[in-house]
Amino acid sequence: MAWGTNGFTQVVGALGEMDRLEQRAEDAIANGDPEGAALSIGKAALMAALLAQKEQSQKTRVLYQAAETLFRGQEQGYRALALFERAGGQPPASKGVCQFLSHAVEMVKESQNGLKALEDINNESLRERQQRHIAKTKEWEGLLQGLQLDLSC
């Protein structure tokens, strides 16, 4: 499912699968399953990469590439949480957790830069997707910074 102007709209094919996997990751993390969230968002990143490869429009290709990078950043963040929990869940976090978080920060910033560089997207649904991903990069930027502080990275 993807957000449309009137709520949810059905999206089919690879784009729909990417959106479903993104939602599955959000559901998994909401249920306390960072490993499941990492797996689902990693699959969403693969779908974004496939969409980018098949896309003829340069702007749309860049949009999907930025989505892939965002999803990979989220995947790194979820993997950091999973590793932290497996290690006992007490700060300070291990070097591995901090490296996952550091990579996540880099990827989210890269995605944000790519998304913001896109101008004049004429297609309304693509423009909405761009804005949604920009909002998500801002959310994740703050989340990851907070995690780095909370976990003493």
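Predicted model: local features only at pLDDT ≥ 70, side-chain atom pairs only at ≥ 80, totals over all residues.
Student: What makes H3 roughly antiparallel to H4?

Tutor: Helix H3, residues 58–86, and helix H4, residues 95–117, pack at an angle of about 160°, with their axes 8 Å apart. Angles over 145 degrees count as roughly antiparallel, and therefore H3 is described as roughly antiparallel to H4. The crossing of H3 and H4 is left-handed, and by class their contact has 14 nonpolar, eight polar and three charged residues.

Student: How do you know that the span of H4 agrees with its number of residues?

Tutor: H4 has 23 residues, which at 1.5 Å a residue should span 33 Å, and because its end C-alpha atoms are 33 Å apart, the two values agree.

Student: Which residues of H4 are called buried, and against what do they pack?

Tutor: Buried means under 20% relative accessible area, and the residues of H4 in that class are Val97, Cys98, Leu101, Ala104, Val105, Val108, Ser111, Gln112 and Leu115. These buried residues pack against H3 and against helix H5, residues 124–150.

Student: Why is H1 called roughly parallel to H5?

Tutor: Helix H1, residues 13–30, packs with H5 at an angle of about 25°, their axes being 15 Å apart. Angles under 35 degrees count as roughly parallel, so H1 is roughly parallel to H5.

Student: Which residues make that contact, and how many of them are charged?

Tutor: From H1 come Leu15, Met18, Asp19, Glu22 and Glu26, and from H5 come Arg129, Arg132, His133 and Lys136. By class, the contact of H1 with H5 has six charged residues, with two nonpolar and one polar.

Definitions and conventions. Residues numbered from 1 in each chain as written. Heavy atoms only, no water. Axes fitted to C-alpha atoms, helices over the stretch in contact; angles between N-to-C directions. Helix = DSSP H or I, 4+ residues; strand = E, 2+ residues; numbered from the N terminus. Parallel < 35°, antiparallel > 145°, perpendicular 65-115°, else oblique. Left-handed = near helix turned anticlockwise from the far one by under 90°. Nonpolar A, V, L, I, M, F, W, Y, C, P; charged D, E, K, R; others polar. Expected span 1.5 Å × (residues − 1). Buried < 20%, exposed > 50% of the residue type's maximum accessible area, 1.4 Å probe, protein only. Contact = heavy atoms within 4.5 Å.
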